[in-house]
Amino acid sequence: MTRRFLFVLGSSRADGNTELLARRAAEQLPPGVAQQWIDLREHPLPEFEDLRHDSDHVRPTEGSTALLLDATLAATDIVIASPLYWYSVSAQTKRYLDHWSGWLRTPGIDFKATLAGRTLWGVTALAHEEEVVADPLVGTLGNSAAYMGMRFGGVLLGNGSKPGDVLNDTEALARAKTFFAQEAPLARFPYEQ
């Protein structure tokens, strides 16, 4: 299958540090690798309503929900580009992941089976010098990948607070050059390792 990257931008501001770092990493992808960028500010999802026990799910056919579902199903590689907000993913990003729960129960799309074996990646900028504070974000993405039977490429971490700060993080920019070239192992829950 030809690789197709979906970049889900979960920042509350345009051209933020996380997006800048994700774009630097994406520049290194080989020519011909398809890229789709969806900014959750421009394509907001409705609040997630858990209907798993009291309603049939219907495949969305319009709006942001349909766009994100179709893009997610088409991607071989899903990149969650979310700044570190209160030590985890942004609210917009969390809402996107919450919608996965509904898509798991949507007839005819086999959401979990379709994503199994595909790769989940993360990119984040944090305004803290100790990268360990991003462990909850890394855990959220890694555990989500494990549940779905996906591969997990890890999280590209960069440091930055003010707009453009991450471009001064030479170590993060160096890691961005090879981030998507690494082999992504099958994700495992921490208790399985």
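Is Phe7 buried or exposed? Phe7 counts as buried, because its relative accessibility is 0%. The model is a predicted one.

**Entry: aromatic pairs**

I listed the aromatic pairs and found 13 in the structure. I took Phe7 and Trp37 from that list. Their ring centres are 3.9 Å apart and their planes meet at 5°, so I noted the pair as stacked. I then looked up where the two residues sit: Phe7 is in strand 1 (residues 4–9) and Trp37 is in strand 2 (residues 34–39), so the pair ties together parts 30 residues apart in sequence. Trp37 has a relative accessible area of 24% and is partly exposed, whereas Phe7 is buried.

**Entry: a pair between helices**

I next checked Trp100 and Phe111. This aromatic pair is edge-to-face, with 70° between the planes and 5.7 Å from centre to centre. Trp100 belongs to helix 3 (residues 91–104) and Phe111 to helix 4 (residues 111–115), so the pair ties together parts 11 residues apart in sequence. I recorded both Trp100 and Phe111 as buried.

**Entry: the cluster**

I went back to Phe7 and Trp37 and found them in one aromatic cluster, together with Phe5, Trp121, Phe179 and Phe180.

**Entry: charges over rings**

I looked for charged ends over rings. Trp37 came up again: the charged end of Arg23 sits over its ring, 3.9 Å from the ring centre. I also noted Lys112, whose charged end sits over the ring of Tyr147 at 4.0 Å from the centre.

Key: Residues are numbered from 1 along each chain as its sequence is written. This is a predicted model: local features need pLDDT of at least 70, side-chain atom pairs count only at pLDDT 80 or more; totals for chains, interfaces and linings use all residues. Side-chain values use heavy atoms; hydrogens and water are left out. Rings of Phe, Tyr and Trp (its six-membered ring) pair if their centres lie within 6.5 Å; planes under 30 degrees apart count as stacked, over 60 as edge-to-face and the rest as tilted. Helices (H or I, at least four residues) and strands (E, at least two) are DSSP runs, numbered from the N terminus. Buried means under 20% relative accessible area, exposed over 50%, partly exposed in between (1.4 Å probe, protein chains only). A charge sits over a ring if NZ of Lys or CZ of Arg is within 6 Å of the ring centre and within 35 degrees of the ring normal.
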